Amino acid sequence: MTASPQPGAAGFLARYQGLKDHLPGARLPWLTALRADAAAHVAARGFPTRRVEAWKYTDLSPVAQAGFAEPLTAVEGALALPKPRCAARAVFVDGRFRADLSSLAGLAFRAVSVAQHLDALEGLLGALAPMADHPLTALNTLMFEDGLFLDVPAGVDGGHLELLSIAVDPGRPFAFHPRHVIRLGAGAKLTLLETATGGGAQYLHNPVFEIDLAEGAVLTHGRAQGEGDAAFHLSMIHARIATEARYDTMAVSAGARLARMEIHAALTGPKASCHMNTAQLAAGRALVDTTTALDHAAPDCASRQTCKTVLAGQSRGVFQGKILVRREAQKTDGYQMNQALLLSEDAEMDSKPQLEIYADDVKCSHGATIGALDADSLFYLRSRGVPADQARSMLVQAFLHEAFEGLEDDTLRDALTAAVDGWWARHGTAS
């Protein structure tokens, strides 16, 4: 059944009504109920406006006004793919899993299509992703067709896996909403490299991750977002981190007309930890937004957040980072820093760090800096014969690469560094 591309939340609801009997899991009572709940949230809340505090600096009206249609026909046949960075790779085209392009044989854990294994996801999908205050999570729940289910058993080192998302231009604006579910058992480990790319079409990529880390589990999550210049990328991570478990995420946001990476992580057991390092880059009239919320809900937990932003042209950057320390979370160690480099007088950065502390034995701090390239450093390089453009390039890339200084994994570091260098090669000379 074809659904007309109407704009806004009403358009998505209309398409859901036309497609709901054909969406994956339409005959599963638990998923039907979950989608119905999502429809109620979308109908009641719609797209958030700038009057909503969490969206004060990011205007979603271009998304709400666009007439997106779901890619109803799966893209088949060979595609030009970037060279694999990991031995194992899961490929999604327009939000749908492509087994013929993926290489998942021989893994020591389950890595499968969500759409083909929904029976195994009852009680998991939706368990960590509240919809009441997260309208884009509700939209994803309403419309998702596929995603990746990773289930690493206790004690297993899953090695490296690449999750590649590609948007293919169907000749009209389109939207896809992958739902990824990741579960690591006690003491399990996994390194995940997530890459998102697309062409020049106008599209909405709205992925949601639900990440559940059991006691002592370690997930290292690299993210390289390089969507097309007309795209909208709105990603959400909901993570639960148990006793002595660790979630480390390192991200580069270097594409899309509007890109928002949002992470909500709960440290639920003693000595859990979470590190978030982000480099976000924008040029022209693009907007990049990193929004995080760390919930320290147990004692002796640690968190670190570093966000580096480079803005050229008339672009805008946003950083919103909240650390919540509950009364029972004594001996919390939380640190947050965001730094922005403006390469143009017309660029703009909005920063909103937040600390909400109810415990009395804690060590929490945050800081923010916004400025232009250091004139003394430029003069130093120029005085030693370095050409002006090369001097600017050296300083900007050094500033961004600091975000990944502590990253020991060569695969992730090379991928993220390449994303930064690629953005500078495209936009550096115009800044």
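Author: **A close look at the packing**

Let's start with Leu-125, which, leaving aside its neighbours within four places in sequence, is in contact (heavy atoms within 4.5 Å) with Trp-30, Leu-34, Val-114, Leu-118, Phe-144, Arg-179, Val-181 and Glu-210. Before going further, please note that this is a predicted model, in which local features need pLDDT of at least 70 and side-chain atom pairs count only at pLDDT 80 or more, while totals for chains, interfaces and linings use all residues. Residues are numbered from 1 along each chain as its sequence is written, and side-chain values use heavy atoms, with hydrogens and water left out.

How confident is the predictor? The chain averages a pLDDT (the predictor's confidence in each residue, from 0 to 100) of 94, and 97% of the residues score at least 70. Over residues 1-5, however, the pLDDT is below 50, although this stretch has 13 contacts in the model beyond near neighbours in sequence. Where pLDDT is low, the predicted coordinates should not be read in detail.

Back to Leu-125: together with Leu-142, Leu-125 touches the most other members of the largest nonpolar core, which has 39 residues. A nonpolar core here is a set of buried Ala, Val, Leu, Ile, Met, Phe, Trp, Tyr and Cys residues joined through side-chain atoms within 4.5 Å. Buried means under 20% relative accessible area, exposed over 50% and partly exposed in between, with a 1.4 Å probe and protein chains only. Helix 1 (8-19), helix 2 (29-45), helix 4 (135-143) and strand 12 (232-241) each give this core at least two residues. Helices (H or I, at least four residues) and strands (E, at least two) are DSSP runs, numbered from the N terminus. Helix 2 supplies the largest share of the core, six residues. A second, separate core of 37 residues includes Phe-97, Leu-150, Ile-263 and Leu-267.

Now look at how helix 2 meets helix 4. Their axes come within 8 Å and cross at roughly 140°; axes are lines fitted to C-alpha atoms, for helices over the stretch in contact, and angles run from 0 to 180 degrees between N-to-C directions. Helix 2 and helix 4 are therefore oblique to each other, since angles under 35 degrees count as roughly parallel, over 145 as roughly antiparallel, 65 to 115 as roughly perpendicular and the rest as oblique. On the helix 2 side, the contact is made by Leu-34, Arg-35, Ala-38, Ala-39, His-41 and Val-42, and on the helix 4 side by Ala-138, Leu-139, Thr-141, Leu-142 and Met-143. You have met two of these names already: Leu-34 is among the contacts of Leu-125, and Leu-142 is one of the two core residues that touch the most other members.

Leu-267 is among the residues in contact with Ala-298, as are Thr-268, Gly-269, Pro-270, Glu-328, Ala-329 and Thr-332, leaving aside neighbours within four places in sequence. Ala-298 lies in the loop between strand 16 (287-296) and strand 17 (302-311), and counts as buried because its relative accessibility is 3%. From Ala-298 to Lys-331 is 33 residues in sequence and 9.2 Å in space, C-alpha to C-alpha. Lys-331 sits in the loop between strand 18 (316-325) and strand 19 (332-342), and has a positive phi near 65° although it is a residue other than glycine.
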